[in-house]
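Subject: Structure handover

Hello,

I am passing on the structure we talked about. Please open it alongside these notes.

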Amino acid sequence: MIRLFTKGDAQEVSDLIAFTLRTTNSKDYSPEEIEALCRQMSPAFLIERSCWTHFYVCCEGDKIIGCGAIGPYWEKEKESS
């Protein structure tokens, strides 16, 4: 099921992003870069980001297994990520 992100999802989504960064991006970024990205993707940051993006989570049962946001990219109104 895909649904809108809620503030209550923030910790689980933050943990999921950190896990994904550490496992799938380890060949692309240094450990220091990955840990900096993990710190940036904090629950508070995700809640703030959800205020100005269309932020969704993908669930399998009660577990969040994916997420994505659509909104302005690089502060440009005509680009999205």
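This is a predicted model: local features need pLDDT of at least 70, side-chain atom pairs count only at pLDDT 80 or more; totals for chains, interfaces and linings use all residues.

Helix 1 covers residues 10-24. Its length checks out: 15 residues at 1.5 Å a residue should span 21 Å, and the end C-alpha atoms are 21 Å apart. Its buried residues are Ala-10, Val-13, Ser-14, Leu-16, Ile-17, Ala-18 and Leu-21. They pack against helix 2 (31-40), helix 3 (43-50), strand 2 (54-60) and strand 3 (63-70).

Ser-14 lies in helix 1. Its relative accessible area is 8%, under the 20% cut-off, so Ser-14 counts as buried. Leaving out residues up to four places away in sequence, Ser-14 touches Met-41, Ser-42, Pro-43 and Leu-46. Thr-20 is also in helix 1. At 34% relative accessible area, Thr-20 is partly exposed. Thr-20 and Gly-66 are 46 residues apart in sequence, yet their C-alpha atoms are 9.7 Å apart in space.

Now the core. The largest nonpolar core has 16 residues. Those with the most contacts inside it are Phe-5, Val-13, Ile-17, Leu-46, Phe-55, Val-57 and Ile-64. Helix 1, helix 2, strand 2 and strand 3 each supply at least two of the core residues. Helix 1 gives the largest share, six residues.

Beyond four places in sequence, its contacts include Met-1, Phe-5, Val-13, Ile-64 and Cys-67.

Best wishes

Key
Residues are numbered from 1 along each chain as its sequence is written. Side-chain values use heavy atoms; hydrogens and water are left out. Helices (H or I, at least four residues) and strands (E, at least two) are DSSP runs, numbered from the N terminus. The expected span of a helix is 1.5 Å times one less than its number of residues. Buried means under 20% relative accessible area, exposed over 50%, partly exposed in between (1.4 Å probe, protein chains only). Contact means heavy atoms within 4.5 Å. A nonpolar core is a set of buried Ala, Val, Leu, Ile, Met, Phe, Trp, Tyr and Cys residues joined through side-chain atoms within 4.5 Å.
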